[in-house]
Amino acid sequence: MYGLDGGEFVTAVKDGQCQTRSVHSWLTHALDLFGRPSKKFYSALADFAADEKEADKLRLLTTSEGSIEFKDRVADTVTYAELLLEFASARPSVLHLVDLIAPIKPRHYSIASSAKMHPGSVHLCVVTVEWKNSKGQLRTGQCTRFLNSLNIGDEVVVSVKPSVMKLPPLDSQPVIMAGLGTGMAPFRAFIEERAVRKLEGVNVGPMTLYFGSRHRAMEYLYGEEFEAYHADGLLTNLRLAFSRDQKEKVYIQHRMREDSEMLSSHILSQDGSFYLCGPTWPTGDVKDAMVAAFTEFGGVKASEASKVIEELKEGERYILEVY
């Protein structure tokens with residue numbers, strides 16, 4: 001469409017930094033070309049439209065009169081790239097595109113492996129994000145689409161960020177993990193880390209894993225590994241909640257309620273740590289299950305239970321990584 005030379009270098013300021021990249025690099029690694037533009041971009045693009053009707057249409061979409069259609073476009077994930085194709089008479093220069101299009105946001109994934117067990121490599125647990133818009137068009141998440149397109153041996157640019165998910169300082173301290181779907185990732189790393197420590201002759205504490213998803217047959221991530229660790233005794237308790245595999249829906253908080261005495265003992269009496277990773281929706285129910293355990297078996301008054309959990313959070317023994 002643009003007839004650009006992908007190898008041409010362009011220097012521009014982005015994110016407060018002066019950067020020199022090839023046109024190809026700007027469009028594939030820096031600018032969120034397949035992200036959703038704001039009204040500000042529609043308005044700016046109108047100024048570049050040579051076709052008067054296209055300019056009027058773009059401006060209309062930024063007004064209250066065009067608000068319904070604009071919301072529909074947002075819901076359908078109309079992208080910067082699609083707008084440029086739809087309103088073809090608008091031809092901002094590369095420098096203008098750099099200025100107008102938002103930068104690609106980094107995607108953060110929990111590492112699903114232990115460096116001690118897999119030195120020199122990092123494992124990720126990623127599910128492809130796919131959906132259909134109102135027109136029946138298949139949409140795919142930008143990062144998962146990129147990862148799916150990679151071939152073995154391809155090089156990618158990554159960065160490693162510190163995580164709130166850290167094992168307790170003592171190997172003997174109990175660990176209680178609750179993961180939903182790909183929220184299992186950090187717990188696989190935890191289990192592998194302690195598996196290595198156990199092989200080194202270290203006495204490791206009890207580990208309890210609550211895993212939740214819809215169907216065992218399709219979404220039991222790392223299931224065979226966890227079953228093996230459970231059989232070996234490293235994974236003391238393996239508590240599964242497949243919500244759609246029976247008539248009544250079963251979630252991880254239901255399994256936790258069944259284990260109230262154990263939860264209270266491991267957390268309050270043995271200085272254990274609790275971790276939850278996955279979507280935000282079960283956070284309240286999980287807290288309620290923990291409160292019930294503390295009040296029923298830990299001698300904690302109902303009025304003090306929330307305070308106890310807050311103290312655990314401050315001591316990095318009740319850790320949430322939800323999204």
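This is a predicted model: local features need pLDDT of at least 70, side-chain atom pairs count only at pLDDT 80 or more; totals for chains, interfaces and linings use all residues.
1. Two or more lining residues of the second largest pocket come from each of the strands β4 (138-140) and β9 (318-322) and the helices α7 (142-149) and α8 (185-199). Helix α7 provides the largest share of this lining, with 4 residues.

2. Sorted by class, the residues that line the second largest pocket comprise 17 nonpolar, 11 polar and 7 charged residues.

3. Disulfides. The number of disulfides in the structure is 0. For a pair to count, the two cysteine sulfur atoms must lie within 2.5 Å. The closest cysteine sulfur to that of Cys 125 belongs to Cys 277, and because the distance is 9.9 Å, the two are too far apart for a bond. The relation also holds in the other direction: from the sulfur of Cys 277, the closest cysteine sulfur is that of Cys 125, at 9.9 Å.

4. Burial of the two cysteines. Residues under 20% relative accessible area are classed as buried. Cys 125 has a relative accessibility of 12% and therefore counts as buried. Cys 277 is likewise buried, its relative accessible area being 1%.

How values were computed
Residues are numbered from 1 along each chain as its sequence is written. Side-chain values use heavy atoms; hydrogens and water are left out. Ala, Val, Leu, Ile, Met, Phe, Trp, Tyr, Cys and Pro count as nonpolar, Asp, Glu, Lys and Arg as charged, and the others, Gly among them, as polar. Buried means under 20% relative accessible area, exposed over 50%, partly exposed in between (1.4 Å probe, protein chains only).
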